[in-house]
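Dear colleague,

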Amino acid sequence: MLGIIAVAVVASLAVGVALRGPAPEETAPPVVARNRIAVIAPDGALSIVDRTGTLVRRFPVESTAFRFPAFSPDGTQLAAIGAAPGRSGVFVFDAGSASGSTDAAPPRAVFSSEDVGVIYLSWAPDGERIGFLTGEPGTLALRVVAADGLGLDAIVTQGQPLYWTWRDASSLLVHSGGSGPTAFIGDMDLDGSRLGTSPPAPGTFQSPAISRDGSYRAFVALRSGRGSALVIERGDGTSQSAFDVGRAASFEWSPNVDELAFIDGGGAAGPALGSLQVADAVSGATRTVLAAPVAAFFWSPDGALLATLTLAPRDGGNIASADIETRGRIAVIPGIEITLVVVRAATGERVLERVVPLSDLFEQQLLPFFDQYAKSHPIWSADSSALVLPLVDAEGGSHLTVIPLDGGSEVDIGPGVLGFWSP
């Protein structure tokens with residue numbers, strides 16, 4: 001009986017369709033392949049591969065070298081900084097679907113200039129806009145442009161140094177001017193309007209940080225006669241906790257709980273280096289998860305792990321007494337080893353440890369500003385199962401390497417100086 005009813009229903013639907021004519025065409029949402037990696041080759045060519053190194057998309061653009069590609073929040077688009085002779089810009093590409101040709105459509109140049117260079121970019125949470133930093137005469141500018149290329153770019157604010165994080169699709173938390181007399185920390189609208197007051201005496205740090213749901217923000221402030229403090233504030237501006245830190249703290253929120261990981265920099269280990277600690281925003285309690293000279297760290301997307309990069313002299317000496325050449329805020333020391341140490345955020349248990357000879361581009365441009373890049377350029381896969389890093393071989397060539405956390409074999413996915421995962 002049920003079969004007869006089902007046949008009758010199908011038949012009646014078919015008759016109805018026939019009488020009404022063909023249904024209007026609907027645009028299917030793009031199918032996005034996960035676990036993809038945007039790759040920058042040694043010559044600046046841009047492509048997308050899967051975690052085995054199989055080519056998904058190739059983006060040949062004549063006479064243009066790309067840097068620091070970032071997937072949109074939904075994974076359907078890819079933005080990258082592009083540099084051609086005498087010109088710099090921001091390009092947006094169709095990131096492709098799960099199947100189909102590897103040939104890519106030409107990109108949209110959403111910003112292009114012969115006068116200023118693009119330094120850094122990040123997507124708005126809704127994928128509708130891209131924020132990017134440009135080097136202006138004597139200063140830096142934070143600009144925002146529509147990702148579809150249909151809107152003019154607008155300068156939100158200027159300052160040097162200049163860091164930010166997206167609060168939502170229409171506002172930013174900005175830190176400009178460092179710790180000087182013109183320093184500013186606060187919320188800002190996309191037209192440059194300040195939406196809140198700045199703390200009276202910002203300390204030395206780079207990128208401000210907003211917790212996963214916007215309930216808290218974090219920054220460094222000077223304490224009168226008492227050095228610097230890492231401050232955790234509630235969203236309404238009331239102070240929740242403050243922790244004494246050295247002169248170069250770096251920090252980032254967990255992606256799924258109200259915990260802030262931070263490096264207490266400026267101690268005995270040297271500038272911008274220190275132990276990695278985690279502060280609970282609710283209780284104010286802190287714990288040390290890695291007592292080592294940590295230079296950078298990256299939360300896994302599930303919040304369970306922290307991938308750290310630590311520094312140590314190859315001869316086993318004291319890093320604080322090494323001959324230090326400062327580039328940015330981090331100490332780049334001749335003869336050092338950089339070690340990847342992955343620890344559990346809850347306990348500090350070491351999950352993985354290996355020396356990682358990194359590409360010059362990663363070491364010299366991303367590493368000193370990891371707290372900004374960690375917000376926009378993930379080295380973790382979306383499922384928290386693997387990392388990707390550009391490792392230099394014995395001949396000096398840089399190869400992107402997928403490093404699994406389950407003890408499986410590492411995968412060389414091909415030549416590359418930078419690589420970042422899709423969401």
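Predicted model: local features only at pLDDT ≥ 70, side-chain atom pairs only at ≥ 80, totals over all residues.

Glu-410 lies in the loop between strand 29 (398-404) and strand 30 (411-415), while Arg-354 lies in strand 27 (residues 350-355), so the pair ties together parts that are 56 residues apart in sequence. Glu-410 counts as partly exposed at 36% relative accessibility, and Arg-354 counts as partly exposed at 25%.

The structure holds 12 salt bridges, and another of them joins Glu-233 to Arg-217, again at 2.9 Å from N to O. Here Glu-233 belongs to strand 17 (residues 227-234) and Arg-217 to strand 16 (residues 216-223), so parts that are 16 residues apart in sequence are tied together. Glu-233 counts as buried, because its relative accessibility is 10% and buried means under 20%; Arg-217, at 10% relative accessibility, counts as buried too.

Turning to the rings, the structure holds 13 aromatic pairs. One of them is formed by Phe-66 and Phe-91, which are edge-to-face, with 5.6 Å centre to centre and 90° between the planes. This pair links distant parts of the chain, since Phe-66 is in strand 4 (residues 65-71) and Phe-91 is in strand 6 (residues 87-94), 25 residues apart. Phe-66 and Phe-91 are both buried.

Finally, Arg-194 lies over the face of Phe-184, at 3.9 Å from the ring centre.

Note on methods: Residues numbered from 1 in each chain as written. Heavy atoms only, no water. Phe/Tyr/Trp six-rings, centres within 6.5 Å; stacked < 30°, edge-to-face > 60°. Helix = DSSP H or I, 4+ residues; strand = E, 2+ residues; numbered from the N terminus. Buried < 20%, exposed > 50% of the residue type's maximum accessible area, 1.4 Å probe, protein only. Lys NZ or Arg CZ within 6 Å of the ring centre and 35° of its normal. Salt bridge = Lys/Arg side-chain N within 4 Å of Asp/Glu carboxyl O.
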